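The sequence and structure come first.

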Amino acid sequence: MEHNRIALIASLDTKLQETLYAKHEIESCGGQGLIIDISTKTLVDAGAAVGPADILARYGMTWEEFGPLDKAQSIETMSNALTAVMPALYAEGLFDAVISI
């Protein structure tokens, strides 16, 4: 089994172009780039394998509950949610390595 699935953790609402570039480069070298979107402002439909609403749902929170949080609270909450969710995503075999953008 090849270990070439690389998760790209990025906030697509601010780093979309950079993330798509990194994904393209990984795939041009024979790897598989999987985007994990941690956007905190808007939901971006860019083909993420895991979106922010998915991360929050696994953490026990809805996007609607998340929306009213201020910037600092939303960043802290998303960070905590991602930290809690990543081991399960790895155990499910979603990725072999991680790059944060």
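## Lining of the largest pocket

By class, seven nonpolar, six polar and four charged residues line the largest pocket. Here Ala, Val, Leu, Ile, Met, Phe, Trp, Tyr, Cys and Pro count as nonpolar, Asp, Glu, Lys and Arg as charged, and the others, Gly among them, as polar. The volume of the largest pocket is about 260 Å³. Of its 17 lining residues, I38, T40, K41, S74 and I75 are the closest to the centre. Helix α4 gives the most to this lining, six residues, and α1 (12-28), α3 (63-66) and α4 (71-91) each supply at least two.

A pocket is an open set of points on a 1 Å grid over the protein atoms alone, where a 1.4 Å probe fits, with protein on both sides within 12 Å along at least five of seven lines; lining residues have an atom within 4 Å of a point. Grid points are joined across faces, edges and corners, and the volume is the space filled by probe spheres set on the points. Helices (H or I, at least four residues) and strands (E, at least two) are DSSP runs, numbered from the N terminus.

## Basis of the values

This is a predicted model, in which local features need pLDDT of at least 70 and side-chain atom pairs count only at pLDDT 80 or more, while totals for chains, interfaces and linings use all residues. Residues are numbered from 1 along each chain as its sequence is written, and side-chain values use heavy atoms, with hydrogens and water left out.

## Helix α1

There is a kink of about 40 degrees in α1, centred on E18; the bend is the angle between axes fitted to the seven residues ending at a residue and the seven starting there. The end C-alpha atoms of this 17-residue helix are only 21 Å apart, whereas a straight helix would reach 24 Å at 1.5 Å a residue (1.5 Å times one less than the number of residues).

L12, T19 and I26 of α1 are buried (under 20% relative accessible area, with exposed over 50% and partly exposed in between; 1.4 Å probe, protein chains only). The buried residues of α1 pack against β1 (5-10), β2 (32-37) and β3 (97-100). After α1 comes G30, with a positive phi near 95 degrees.

T77 is in helix α4 and counts as buried because its relative accessibility is 16%. Leaving aside neighbours within four places in sequence, T77 is in contact (heavy atoms within 4.5 Å) with L56, Y59, M61, F66 and L69.

I101 lies in the segment after β3 and is partly exposed, at 35% relative accessible area. I101 and L8 are 93 residues apart in sequence, yet 6.9 Å apart in space, C-alpha to C-alpha. Not counting residues up to four places away in sequence, I101 touches L8, I9, A10, K15, E18, T19 and A22.
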